[in-house]
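Welcome! Take a moment to look over the sequence and the 3D structure, and then we will walk through some of the features together.

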Amino acid sequence: ASEEETVGLKASEEETVRLKTSEEDDGSLILEQRRVPSLNELDSSSSLSSLEEVEETPERPPLTRGTSSPAAPLSHQPVSALRKMSAAFICFFAPEKRVARLVEELSRDRRSAFGTLVQDFLRRQREAREGQESSAAMLQGLRLFLSEARNFLLESGELEPPIETLVPDEERDFTLEKALYRCVLKPLKPQIDTTLRTLHTRDGSTQLMADSLRRAQDGALARFGVRVGVPDAQGLERVRQKLGLMQRAYSPVDKVVLLLQACKCVYKAMRGVPGQECGADEFLPALSYVLVQCNMPELPLEVEYMMELLEPSWLMGEGGYYLTSVYASLSLIKSQLEAPPLGGLTQEARESLKKWTRRRNTEASQRASQHNQRFLRVLFQEGGCSTVKTLLCKAGDTSDTLAQVCAQKFGVAEPESYALYWRCGGETRALPPQTGPQDLLLQAAAGFSLTYQRCDTDAGKARKLTRGGAVDLGEQPEAQGM
């Protein structure tokens, strides 16, 4: 297997490339920046969960009330003991994989509220496979459910052990999102692929793309105004392989990583002089030429899948730039213009991308606002155990009233010996007594998490209960002094 590269989909605070548009930036698009983002970060190896995950257990039917362990269907290829042991080892020492396993198991258990939610949604999707009106509506419905299911899982407190004890706070949402891909998108992938093909065949867009690719074959370099180097035959084959793997993946995150790897092949061929930066005016024409040579009429389906299912916050930086670049290139190919616009970005593509950007960011803002205004998650730490509960934050609540609710919810015998603490980056600090609900919600939105614990709890020992202290709850507790 060829070496797979990795890329961070989250932009740093200093990142000037942004997906969203606003009045301040005059509605400009991420594509309209002067320089193409560097793809140097794609040089190290990564794992693509959609393609490389080990099927540690065969597909199992969901648990229902009154059952404990349904019989799994016979596997055609028995899993060796070594492979099972390797999978267990990886799951134990890789928190992200452990969370994915826990979420998947819970999603199959109809005895849990989360399992019922997921299984009912999967059933409704399978029943409605013939009644989808448009690809956009179908994908937007999936995106909405992924967001709601993630919030429901966090609020229900059904995940054991709590996710706060497994991964750092800043990785929580991303880890849960990928876990939900596995238990929602993976079982629905064959149906989603079939539905997308059917809808785009019915509306004629796939045939239009195929015809446009065929017409663009002759004189493609001149047609798109390519003025830089392009991949040779070997480079084109590598791009085709990456795009082929992308079609197999069910995770939109993995799809974007593979798309970036394909774009890197184009980017490397463009750079005639080492260290030379290339602008969008050169990149889009070269990318359009490469996509014509790859001749994949169903590539727009993959682009639509990623654009609708990825969270807007993960479409910043390189991910957003190159995904929208492929969209713009496909629009240029379909336009069949005799004289393509400078840089290859057609007016139709520009307006479509602006409309899409505003819609996705509006959806994200509304969901974040609704969630942050209602709930606070509190981690209870006692001895070697941790529990999480989600509490409703009402108008007029203060940290004192919230502490009283925590004492009742967690069943502590001596409430006066416990207090609320902010936790961030492995450090804790006491919460001021009269902190109001607005401050609580703002701090929570900023990445701080609440902990309810004994006032005399040693901060160092408290940190050991979390992944921030790099110690797992499964390890042996320290001996206590007499």
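A disulfide is a pair of cysteine sulfur atoms within 2.5 Å. Keep in mind that this is a predicted model. With that cut-off in hand, we can begin with the cysteines and then visit a helix, a pocket, some strands and a few loops.

**Cysteines**

- How many disulfides does the structure hold? The count is zero.
- Cys-263 shows why: its sulfur is 8.9 Å from the closest cysteine sulfur, which belongs to Cys-265, and that is too far for a bond.
- Cys-263 is buried, with a relative accessible area of 1%, whereas Cys-455 is partly exposed at 41%.

**Helix H6 and what follows it**

- Helix H6 covers residues 172–202 and has a kink of about 60° at Lys-189.
- Is H6 enclosed or open? Of its 31 residues, 22 are buried, so the rest of the structure largely encloses this helix.
- Gly-204 follows H6, and its phi is positive, near 85°.

**The second largest pocket**

- Rolling a probe the size of a water molecule over the atoms shows where empty space is left.
- The second largest pocket holds about 780 Å³ of space.
- Its lining has 30 residues, and the closest to the pocket centre are His-200, Glu-304, Tyr-327, Lys-334 and Ser-352.
- Six helices each supply at least two lining residues: H5 (135–156), H6, H7 (205–215), H12 (299–309), H13 (317–335) and H14 (347–372).
- Which helix gives the most to this lining? H14 does, with seven residues.
- Sorted by class, the lining is made up of 13 nonpolar, nine polar and eight charged residues.

- Ala-328 lies in helix H13, and it is buried, with a relative accessible area of 0%.
- Ala-328 and Thr-346 are 18 residues apart in sequence, while their C-alpha atoms are 7.4 Å apart in space.

**Strands E3, E4 and E5**

- Strand E3 (residues 418–424) pairs with E5 in the antiparallel sense over six bridges.
- E3 also pairs with strand E4 (residues 427–430), again in the antiparallel sense, over four bridges.
- Where does Trp-422 find its partners? Its bridge partner in E5 is Leu-450, and in E4 it stands opposite Arg-429.
- Another bridge to E5 links Leu-420 with Tyr-452.
- Six of the seven residues of E3 are buried, so the rest of the structure largely encloses this strand.
- E5 (residues 449–454) is mostly covered too, with five of its six residues buried.
- In a regular strand the side chains alternate between the two faces of the sheet.

- Glu-160 and Pro-161 are joined by a cis peptide bond, with omega at about -5°.
- Pro-161 sits in the loop between H5 and H6.
- Asn-295 has a phi near 55°, a positive value in a residue other than glycine.
- Asn-295 belongs to the loop between helix H11 (280–294) and H12.
- Is Asn-295 buried or partly exposed? At 42% relative accessibility, Asn-295 counts as partly exposed.

Technical notes. Residues are numbered from 1 along each chain as its sequence is written. This is a predicted model: local features need pLDDT of at least 70, side-chain atom pairs count only at pLDDT 80 or more; totals for chains, interfaces and linings use all residues. Side-chain values use heavy atoms; hydrogens and water are left out. The bend at a residue is the angle between axes fitted to the seven residues ending there and the seven starting there. Buried means under 20% relative accessible area, exposed over 50%, partly exposed in between (1.4 Å probe, protein chains only). Two strands pair if DSSP finds at least two bridges between them. On a 1 Å grid over the protein atoms alone, a cavity is a set of points where a 1.4 Å probe fits but cannot get out, and a pocket is an open set with protein on both sides within 12 Å along at least five of seven lines; lining residues have an atom within 4 Å of a point. Grid points are joined across faces, edges and corners, and a volume is the space filled by probe spheres set on the points. Ala, Val, Leu, Ile, Met, Phe, Trp, Tyr, Cys and Pro count as nonpolar, Asp, Glu, Lys and Arg as charged, and the others, Gly among them, as polar.
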